[in-house]
Amino acid sequence: LGDALGGAEMEALFLEYEAGETEEAKMLKDLDKLEMIMQAGEYERAQGKQLGDFFTSTAGKFKTEVGKSWEAEIVARRRGGDEDGSGGGGE
């Protein structure tokens, strides 16, 4: 991108993300994992496919407390068949 377009800053932020050491980087990595399992859940419901490998691949890998909490909620809803996120089992 070049320095005139913020290239150096973008590179530094990317390297910070990749290192995963700052609280911001940890949160962003958790959000990436959350987005993946949420999308897998959407595909499971819409297409009737079993995509448990996506959930298994992220299990125990969340770094922030909020990420761990969100993962637990998503997994619990998946196991309970809560398709609409209302807590009512999709009814």
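Visitor: The axes of α2 and α4 cross at roughly 10 degrees and come within 10 Å of each other. Why are α2 and α4 called roughly parallel?

Guide: Angles under 35 degrees count as roughly parallel, over 145 as roughly antiparallel, 65 to 115 as roughly perpendicular, and the rest as oblique. The crossing angle of α2 and α4 is roughly 10 degrees, and the two helices are therefore roughly parallel to each other. The axes are lines fitted to C-alpha atoms, for helices over the stretch in contact, and angles run from 0 to 180 degrees between N-to-C directions.

The model is predicted: local features need pLDDT of at least 70 and side-chain atom pairs count only at pLDDT 80 or more, while totals for chains, interfaces and linings use all residues. Residues are numbered from 1 along each chain as its sequence is written, and side-chain values use heavy atoms, with hydrogens and water left out.

Visitor: Which residues make the contact of α2 and α4?

Guide: Contact means heavy atoms within 4.5 Å. From α2 come Met27, Asp30, Leu31, Leu34, Ile37, Met38 and Glu44, and from α4 come Val66, Gly67, Trp70, Glu71, Ile74 and Arg78. They divide into 8 nonpolar, 1 polar and 4 charged residues. Here Ala, Val, Leu, Ile, Met, Phe, Trp, Tyr, Cys and Pro count as nonpolar, Asp, Glu, Lys and Arg as charged, and the others, Gly among them, as polar.

Visitor: What makes α1 roughly perpendicular to α2?

Guide: Helix α1 (residues 7–19) packs on α2 at an angle of about 70 degrees, with the axes 8 Å apart. That angle makes α1 roughly perpendicular to α2. Glu16, Tyr17 and Glu18 of α1 meet Glu24, Ala25, Leu28, Lys29 and Asp32 of α2. By class, this contact holds 3 nonpolar, no polar and 5 charged residues.

Visitor: How many helices and strands does the protein have?

Guide: Helices (H or I, at least four residues) and strands (E, at least two) are DSSP runs, numbered from the N terminus. The protein has 4 helices and 0 strands.

Visitor: Why does Lys33 count as buried?

Guide: Buried means under 20% relative accessible area, exposed over 50%, and partly exposed in between (1.4 Å probe, protein chains only). Lys33 has 19% relative accessibility and so counts as buried. Lys33 is found in α2. Leaving aside neighbours within four places in sequence, Lys33 is in contact with Thr58, Lys61 and Phe62. Of the 91 residues of the protein, 23% count as buried.

Visitor: How do you know that the buried residues of α4 line one face of the helix?

Guide: In α4, the buried residues are Gly67, Glu71, Ile74 and Val75. Seen down the axis of α4, they fall within an arc of 95 degrees, so they line one face. The arc is that of the directions from the helix axis to the C-beta atoms. An α-helix has 3.6 residues a turn, so residues three or four places apart point the same way. The buried residues of α4 pack against α2 (23–47) and α3 (52–58), while the face turned away from the buried side carries the exposed residues Glu65 and Gly80.

Visitor: What span is expected for α4, and how far does the helix reach?

Guide: The expected span of a helix is 1.5 Å times one less than its number of residues. Helix α4 (residues 65–80) has 16 residues and reaches 22 Å from its first C-alpha to its last, close to the 22 Å expected. Helix α2, with 25 residues, reaches 36 Å, close to the 36 Å expected.
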